[in-house]
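Here is a quick walk through one protein chain, written for someone who likes to check things against the atoms. Have the viewer open as you read.

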Amino acid sequence: MTEIYQETLNSIRNIIEDGPIWVSIDETVDVEGRMVGNVIVGKLSETFSKPFLLNCTQLEKCNHKTIAKLFNDSMSLLWPKGVKHENVLLFLTDAAPYMVKSAVAINVFYPKMIHLTCLAHGLHRVGETIRAKFSKVDKLISEVKKYF
């Protein structure tokens, strides 16, 4: 590890300390087509605590197993002397089925953790369900999308 990386990681650890914390994971595809998982953490407190990009890792594939592993590896990165399982209170993700499944799996190890999905993603899934059931609405939405 580079010196700057280690200093940054130590700075995050000093601010987060033992928590309690919130964690958010999202994935993206880079310009070369690689899947990348990003982990952001923040301290839960009465005063504002800025979020930190804790981990950014290339994923071999994007499924509930790789997300759960990314989550756990990130907590070990934050707390190398022993993960504070009881101090992870909130997990924020999009509403993708594999994210929901990963949250259920890791909740066994983080018993106080609550999983929340993004409201915008939830509304999008509702819209997609409506489009699937009503072909005329789907066609209308498709035509409107063409113009925007």
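## From the surface patch to the core

Let's start on helix H4, residues 119-133, which is where Ile130 is found. Is Ile130 buried, exposed or something in between? With a relative accessible area of 39%, Ile130 is partly exposed. Together with Val126, Phe134 and Val137, Ile130 makes a nonpolar surface patch of about 340 Å².

Now for the wider view. Keep in mind that this is a predicted model. The chain has five helices and five strands, and read from the N terminus its elements go α-β-β-β-α-β-α-β-α-α. The C-alpha trace spans about 55 × 35 × 30 Å along its principal axes. Of the 148 residues, 30% count as buried.

Going inside, the largest nonpolar core holds 27 residues. Val23, Ile25, Phe71, Met75 and Val88 are the ones with the most contacts inside this core. Which elements supply at least two residues each? Helix H1 (3-16), strands E1 (21-29), E2 (35-43) and E3 (52-59), plus H2, E4 and H3 each do. H2 gives the largest share, with seven residues.

Leaving out residues up to four places away in sequence, Met75 touches Ile21, Val23, Val41, Leu54, Val83, Val88 and Tyr110.

Phe71 is the other one to look at, since ring pairs link Phe71, Phe91 and Tyr110 into a cluster. The structure holds two aromatic pairs, and here is how they look:

| Pair | Geometry | Centre to centre | Angle between planes |
|---|---|---|---|
| Phe71 and Phe91 | edge-to-face | 4.9 Å | 75° |
| Phe71 and Tyr110 | edge-to-face | 5.0 Å | 75° |

Why call them edge-to-face? Planes over 60 degrees apart get that label, so an angle of 75° qualifies.

Finally, some backbone geometry worth a look. Both items come from the loop between H1 and E1, which holds Pro20 and Glu17. The peptide bond from Gly19 to Pro20 is cis, with omega near 5°. Glu17 has a positive phi of about 50° although it is not a glycine. How accessible is Glu17? Its relative accessibility is 47%, and the cut-off for exposed is over 50%, so Glu17 counts as partly exposed.

Methods. Residues are numbered from 1 along each chain as its sequence is written. This is a predicted model: local features need pLDDT of at least 70, side-chain atom pairs count only at pLDDT 80 or more; totals for chains, interfaces and linings use all residues. Side-chain values use heavy atoms; hydrogens and water are left out. Rings of Phe, Tyr and Trp (its six-membered ring) pair if their centres lie within 6.5 Å; planes under 30 degrees apart count as stacked, over 60 as edge-to-face and the rest as tilted. Patches are made of residues with over 30% relative accessible area and no salt bridge: like charges are joined within 9 Å, nonpolar side chains (Val, Leu, Ile, Met, Phe, Trp, Tyr) within 5 Å. Accessible areas come from the Shrake-Rupley method with a 1.4 Å probe; for residues, only the protein chains shown count as cover. A salt bridge is a side-chain nitrogen of Lys or Arg within 4 Å of a carboxyl oxygen of Asp or Glu. Helices (H or I, at least four residues) and strands (E, at least two) are DSSP runs, numbered from the N terminus. Buried means under 20% relative accessible area, exposed over 50%, partly exposed in between (1.4 Å probe, protein chains only). A nonpolar core is a set of buried Ala, Val, Leu, Ile, Met, Phe, Trp, Tyr and Cys residues joined through side-chain atoms within 4.5 Å. Contact means heavy atoms within 4.5 Å.
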